[in-house]
Each structure stands twice: as C-alpha cells, then as structure tokens.
Amino acid sequence: MSGTLGWLRLSILLLIPALGLAQRLAVDLHQVKVITIDGQRVDGILYDVTETALFVGYGTSAATVRPPFDEGVDLVRVKKVIIRRLNKRKSVLTGAVLGGLLTVFVTNQSLQKSPPRSASLYGVSLVLGAGIGAGVGAFVGNLIGNPTRRVVRPHDPANPSLSLYRELRPFSYQYQIDLMDRLPRNHDN
C-alpha cells in the first residue's frame, strides 16, 4: 500500500513542473473582424487602439506581428468588433494536466483492483498512463480550446469612440507589449 502511495505522489510531483510553464509572460494575440457602419470589413490582428482609431496588423504569432499598412479605422465609424484569441496554449496545457491527473487516478484505481506482480510495474503503468492521458488531454484541449468569441459594440451613443477605446485597448498587441515593458525585470548577473 505504501508503494502505491509513493508512486502516486511521484507521478503528481512529475506533473507539477508543467503547471509552472503556464506562468510565463506572453502576448495573447487576438484575431479581430471589424465591421463599420457603411459595411466595410477589416480582418487581422488587433495591433493598437488609440482614442480615435483602431489599427489592424498582420501575422500569426507574437514574433511575426507586423504593424498595419493603412491609417486605421476611425472608432466613430465602427459598428462592431468580433474578437477571438489566437493562442490556445492555456487550453492545451490545462487539457494535458487534467488528462494526466484523471488517467493517473483511473490507472491507480484499476491497479488496486488487480495489482501487478511488482512495484516497478505499478510505477511504469502509472507513468505511461499519465503520459497517454496528458497527450489525449492536450489534443482535446487544442480541439475545444477557446471556441468563444467576444463581440464589442459602442455602448455610449454620445461618445462611441471612448467606449470602444476602453473595451478594446486591453486586447491590443501594443498595449500588452507596453504593459510588459513596465514590469520589473529580474536580472541574474
């Protein structure tokens, strides 16, 4: 029985470092579809939002984001903005951790009903079960991760640009970069 708890503790301790990977600072890119009052549509990455305009950039990752080529879309002309997160890292990591833990639990329960011949086979079964469960969980997390979208419309008819600016600014690439530049750096020299 103590060997069982030892392997279970070991497999949980092996999964804990994966939780630390989720704490890295990273820019979340947001795909936007801007629809104006006159029916014009602009698609791309939400690059920046000023008090008067919204800028849509291009790219597929934080390393490849390029600033927009045009002068942007006036916030006064915006009817609605549809926002989707491009990065599925959080949902993949959550799926892997949950899948690994669930499979370790199920494997442990199964191995207690019909125990293996040695403690080493018990440990190997738990570790293989955790790995397979983590892989399946990551795959499922990738498939169903972040399926929602957010639709932003101007709430204040008297000042639509201010309400759009306040709602869209935290999602912009430039805002997130500026926010990370303000954080203190930990220099290990």
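**Entry 1: salt bridges.** I began with E167 and R150, whose side chains meet in a salt bridge at 3.7 Å, N to O. E167 belongs to helix α4 and R150 to strand β6 (residues 150-152), so this pair ties together parts that are 17 residues apart in sequence. I looked up the accessibility of R150 and found a relative accessible area of 41%, which makes R150 partly exposed. I note here that the model is predicted.

I then searched the whole structure and found 3 salt bridges. One of them joins the side chains of D48 and R169, at 2.7 Å from N to O. This pair links distant parts of the chain, with D48 in strand β2 and R169 in the loop between α4 (160-168) and α5 (173-182), 121 residues apart. I recorded both D48 and R169 as buried.

I also recorded a salt bridge between the side chains of D38 and R77, at 3.8 Å, N to O. It too links distant parts of the chain: D38 sits in the loop between β1 (30-36) and β2 (41-49), R77 in the loop between β4 (73-74) and β5 (78-85), and the two are 39 residues apart. D38 counts as exposed because its relative accessibility is 57%, above the 50% cut-off. R77, at 30% relative accessibility, counts as partly exposed.

**Entry 2: the chain.** I counted 5 helices and 6 strands. Read from the N terminus, the elements follow the order α-β-β-β-β-β-α-α-β-α-α. Of the 189 residues in the chain, 35% are buried.

**Entry 3: helix α2.** I compared the length of α2 (residues 89-113) with expectation: at 1.5 Å a residue, its 25 residues should span 36 Å, and the end C-alpha atoms are 36 Å apart, which agrees. I listed the buried residues of α2 as S91, L93, G95, A96, V97, G99, G100, V104, T107, N108 and L111.

**Entry 4: surface patch.** I found a nonpolar surface patch of about 810 Å², made by V124, L128, I132, V136, F139, V140, L143 and I144. I placed V124 in helix α3 (residues 119-144). V124 has 46% relative accessibility and therefore counts as partly exposed. I kept in mind that an α-helix has 3.6 residues a turn, so residues three or four places apart point the same way.

**Entry 5: cavity.** My search of the whole structure for cavities of 30 Å³ or more returned 1. The largest cavity holds about 30 Å³ of space. I noted its lining residues as V42, L54, V56, Y58, D70, G72 and V73.

Terms used: Residues are numbered from 1 along each chain as its sequence is written. This is a predicted model: local features need pLDDT of at least 70, side-chain atom pairs count only at pLDDT 80 or more; totals for chains, interfaces and linings use all residues. Side-chain values use heavy atoms; hydrogens and water are left out. Patches are made of residues with over 30% relative accessible area and no salt bridge: like charges are joined within 9 Å, nonpolar side chains (Val, Leu, Ile, Met, Phe, Trp, Tyr) within 5 Å. Accessible areas come from the Shrake-Rupley method with a 1.4 Å probe; for residues, only the protein chains shown count as cover. A salt bridge is a side-chain nitrogen of Lys or Arg within 4 Å of a carboxyl oxygen of Asp or Glu. Helices (H or I, at least four residues) and strands (E, at least two) are DSSP runs, numbered from the N terminus. Buried means under 20% relative accessible area, exposed over 50%, partly exposed in between (1.4 Å probe, protein chains only). The expected span of a helix is 1.5 Å times one less than its number of residues. On a 1 Å grid over the protein atoms alone, a cavity is a set of points where a 1.4 Å probe fits but cannot get out, and a pocket is an open set with protein on both sides within 12 Å along at least five of seven lines; lining residues have an atom within 4 Å of a point. Grid points are joined across faces, edges and corners, and a volume is the space filled by probe spheres set on the points.
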